[in-house]
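User: Could we go through the charged side-chain contacts in this protein together?
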Amino acid sequence: MSLTRRDFASRSALTGAGVALAGSVGALATAPNALASTDTESVGEEHGHGHGHDHDHDHGHDHGGVGYGPLIPDPDGILALPARFSYEIITYSGRTKLESGEYTPSNHDGTATFDGPRGTTLLVNNHELGGHRDDWRHPVPLTEGLVYDPAAGGGCTVVEVRRGGHVAEWVGIAGTAQNCAGGSTPWGTWLTCEETEDKAGEEGMTKDHGYVFEVDPEDRRANRDPQPVKALGRYAHEAVVIDPRRGHAYLTEDASGPNGLLYRWTPPEHFRHGRGRLRTLADDAGVLQAFKCFDSGGTFVDDLSRATKTGTVYGVDWADVPDRDAKTTSVRKQFAAGEVTRARKLEGMWWADGGAYVVTSFARDESPGRPHDGQVWFYDPKRRTLTLKVLLGVNADPSADGAFDGPDNITVSPYGGLVIAEDGEGVQHLFGATDSGRTYPIARNELNLGTEDDPDYSEFTGVTFSPDGRTLYANIQTPGIMLAITGPWKRQKRR
């Protein structure tokens, strides 16, 4: 049933859940799932193995008394962490090796963790390698039976972490392209997303790309003969989450010219989710739709950059995708002005609190609204509303430590709030956002890929907690390093 503009305007007036609450931290802190940021214009115990910090120096800016304190420079030049936190390198492209003897592939991206057999932790790790595989020094090896397109260099590896520090890694899927983010499923598998629209004959590809593939971390046989889930569409996929109650899939698109879309896939009647079930779907199974937002006054919202205050609430409707396989026209270009809402850099997603957290990384001249350096939204499928939870103002000096910009992959923390991987300009962080929206640093990438005069720091990706909540995993995308971070985690208070 469609939620009309009039329905939404009426509901907002009755519940007080509209834009009138915007900017009121006290009010929003009591609203459902509120994350009202007050840092939009800021510029400025368990111990793991490996590299630790046992002293304390003041680096960075004050973040309102939340978090774990200042970050301490790493003498090894990898990762700055708060006092009493430590990290361990799990995989390192070109240094660690797969079970088969090849080096760990490069360009780590989206990651999820799963409980493995006999007390192990399993992680599925995307490798964002686009174009022809010959362009990469360490592509995902073409393991027999696990290859979709032998010309492509991307894919996923499965990493097994055992007690005592032993690590094993093997290929989960190969021959896919630009495997960016993705998402875990309620039934214990990983959906890897191709952030490309390359077709057969382009960039040397032998098959069409821009699909979602399912990878089983536990059953290697289930990954043989990989098949795209074409029902979820072909476009520059970023992330995906599954509504465990209703069965819908929500997917982000990282694209511009025009800006990308948020999609919802509704499964066909009587379809039951489960391991390996998605690959049994017909290419046109279910209904793929793109979102369309309107404000509490009933006005259509053309782009999420129009929102300038946290607490802004939009009603959401959905428009059917005409040709989900984009045979002649990219999916996002199949809609005329006024038919859908767009956003630049629709990135990470995470399902929690009965809905989907959704990131848009920035907005500049390609967006019609106000420039920003990051938004985090919450989509409530029951209320059919999209609420702006975190808003980062434009970072005036990305080279200086202290402010954050360019949120990308996210996870919901078992200690409250969000943990966000930064993919912005200059300094790169893992940072947290509390339930009241205060932001604080967790880690800083210190691996300089440039020079002292012109430093270059890769983005963070794949941020996710272990199933027991004791370890935070994250990747430095280039050259490709998976890290395990441990320390005295604590519940973050509302501030």
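Salt bridges in the chain

User: How many salt bridges are there in the whole structure?
Analyst: This is a predicted model, and a search of the whole structure finds 18 salt bridges.

User: What does R332 form a salt bridge with?
Analyst: R332 forms one with E197, and the closest N and O atoms of the two are 2.8 Å apart. The pair links distant parts of the chain, 135 residues apart, with R332 in the loop between β16 (313-320) and β17 (346-352) and E197 in the loop between β9 (190-194) and β10 (212-215).

User: Why does R332 count as buried?
Analyst: R332 counts as buried because its relative accessibility is 6%, and the cut-off for buried is under 20%. E197, by contrast, has a relative accessible area of 21% and is therefore partly exposed.

User: Changing topic, which residues are linked in a network of salt bridges?
Analyst: The network links D254, R344, K345, E347 and E366. Within it, R344 forms a salt bridge with D254, with 3.9 Å between the closest N and O atoms. These two lie 90 residues apart, R344 in the loop between β16 and β17 and D254 in the loop between β12 (249-253) and β13 (262-266).

User: Is D254 buried or exposed?
Analyst: D254 is buried, and R344 is buried as well.

User: And where are R384 and D317?
Analyst: R384 is in the loop between β19 (375-380) and β20 (385-391), while D317 is in strand β16, 67 residues apart from it. Their side chains meet in a salt bridge at 3.4 Å, N to O, and both R384 and D317 are buried.

Notes: Residues numbered from 1 in each chain as written. Predicted model: local features only at pLDDT ≥ 70, side-chain atom pairs only at ≥ 80, totals over all residues. Heavy atoms only, no water. Salt bridge = Lys/Arg side-chain N within 4 Å of Asp/Glu carboxyl O. Helix = DSSP H or I, 4+ residues; strand = E, 2+ residues; numbered from the N terminus. Buried < 20%, exposed > 50% of the residue type's maximum accessible area, 1.4 Å probe, protein only.
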